[in-house]
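This report walks through one protein model, part by part. Please look over the sequence and the structure before reading on.

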Amino acid sequence: MISTEEEARTYCANLCDAAGMERLTAFIDLLARENEQQNLISNNSLESVWQRHIADSLQLLAHVPRETSPWLDLGSGAGMPGLILAIARPDLAFHLVESRKRRVSWLESVAREYSLTNCHVHGSRLENVESFESAVICARAFAPLGKLLRLSARFSTQQTVWLLPKGRSAAQELSEQPESIRAMFHVEQSSTDPQAGIVKGHGRPPIQ
Ligand SMILES: C[S@@+](CC[C@H](N)C(=O)[O-])C[C@H]1O[C@@H](n2cnc3c(N)ncnc32)[C@H](O)[C@@H]1O
């Protein structure tokens, strides 16, 4: 379990190259500055930003083979996890969906700043984004599990991996789903919070 900023930084350094670590370090400064202009993340969480946001996002990489792409991140907000992943892994494609205009501008400005041609920002409600086949669908704090699956099942195939950091409600949210969904998903332990879980699954959910 990652329990200090130093451990989180070391963990991240093992998941990307030196240039990626430089970009992530610079990104933290940008994020802190932008957070004074708009409410992107809680100020408290900036004190443990490597643990709470950077490692928390990058841990998803450990759940799929290294070359898996493209990723779809639902409700990216300040950029967790999609933008962080795109900064760390410019060799993979990431589609970020976010509807709030100021957050969209923020995501686009960071993608421009780092010339992230692998990062595609869809500044729109997910409901209005044209379907494409995603190898991974991820979402942190986007919507309750049932609604999340209803809104995004059309982006999945039988091969899609679902990685849904759900904090402390992971097991509870999964237990409230119908049997067909419970059979597809399980809860994995988060590496950054002993009480948090990641709902993980594989395939196309049978949504009516
Ligand atoms: C609670 S924030 C989480 C942001 C980020 N994933 C994180 O973990 O810090 C949820 C984000 O989802 C966006 N969102 C909610 N419903 C959406 C929809 N239907 N389409 C696109 N974005 C949506 C909101 O604007 C917000 O930025």
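## Leu-46 in helix H3

Helix H3, which covers residues 43-46, contains Leu-46. The model is a predicted one. Leu-46 has 15 other C-beta atoms within 10 Å and is therefore partly exposed.

Not counting residues up to four places away in sequence, Leu-46 touches Ala-32, Asn-35 and Ile-41. Ala-170 is 124 residues from Leu-46 in sequence, and the two are 24 Å apart in space, C-alpha to C-alpha.

E1 pairs in the parallel sense with strand E2 (residues 94-98), over 4 bridges. Within E2, Phe-94 is the bridge partner of Trp-71. Between the two strands the chain passes through helix H5 (residues 82-88), and this β-α-β crossover is right-handed. E1 also pairs in the parallel sense with strand E4 (residues 136-138), here over 3 bridges. In E4, the bridge partner of Trp-71 is Val-136.

Strand E7 takes in residues 197-202 and runs antiparallel to strand E5 (residues 161-165), with 5 bridges joining them.

Lys-200 in E7 is the bridge partner of His-186.

## Around the ligand

Which residues come nearest to the ligand? Of the 16 residues around the ligand, they are Gly-75, Gly-77, Ser-99, Leu-126 and Arg-140. Sorted by class, the shell around the ligand holds 6 nonpolar, 4 polar and 6 charged residues.

An unreviewed UniProt entry places the feature "binding site" at Gly-75, Met-80, Leu-126, Glu-127 and Arg-140. Glu-127 sits in the loop between strand E3 (119-123) and E4. Is Glu-127 buried or exposed? Glu-127 counts as exposed because it has 9 C-beta neighbours inside 10 Å. Arg-140 belongs to the loop between E4 and helix H7 (145-152). Arg-140 has 22 other C-beta atoms within 10 Å, so it is buried. Leaving aside neighbours within four places in sequence, Arg-140 is in contact with Met-80, Pro-81 and Pro-165.

Ser-152 is part of helix H7. There are 26 C-beta neighbours of Ser-152 inside 10 Å, and therefore Ser-152 counts as buried. Apart from neighbours within four places in sequence, Ser-152 is in contact with Leu-74, Leu-126 and Ile-137. Glu-6 is 146 residues from Ser-152 along the chain, and their C-alpha atoms are separated by 36 Å.

Tyr-114 is placed in the loop between helix H6 (101-113) and E3. Why does Tyr-114 count as buried? The reason is that Tyr-114 has 20 C-beta neighbours inside 10 Å, and the cut-off for buried is 20 or more. Tyr-114 is in contact with Arg-23 and Ile-87, leaving aside neighbours within four places in sequence. Phe-27 is 87 residues from Tyr-114 in sequence but 9.3 Å away in space, C-alpha to C-alpha.

## Backbone details

Two cis peptide bonds can be described. One joins Ser-69 and Pro-70, with omega about 5°, and Pro-70 lies in the loop between helix H4 (49-58) and E1. Another runs from Met-80 to Pro-81, with omega near 0°. Pro-81 is in the loop between E1 and H5.

Ser-115 is not a glycine, yet it has a positive phi of about 50°. The loop between H6 and E3 holds Ser-115, which counts as exposed because 9 C-beta neighbours lie inside 10 Å. Ala-141, also a residue other than glycine, has a positive phi near 55°. Ala-141 is found in the loop between E4 and H7. With 12 other C-beta atoms within 10 Å, Ala-141 is exposed, since the cut-off for exposed is 12 or fewer.

Technical notes:
Residues are numbered from 1 along each chain as its sequence is written. This is a predicted model: local features need pLDDT of at least 70, side-chain atom pairs count only at pLDDT 80 or more; totals for chains, interfaces and linings use all residues. Two strands pair if DSSP finds at least two bridges between them. A crossover is right-handed if, with the strands pointing away from the viewer, the path from the first strand over the helix to the second runs clockwise. A residue is near a molecule or strand if its C-beta atom, placed from the backbone, lies within 6 Å of it. Ala, Val, Leu, Ile, Met, Phe, Trp, Tyr, Cys and Pro count as nonpolar, Asp, Glu, Lys and Arg as charged, and the others, Gly among them, as polar. Two residues are in contact if their C-beta atoms, placed from the backbone, lie within 7 Å. UniProt positions are given in the numbering used here, feature names are shortened, and annotations may be inferred rather than shown by experiment.
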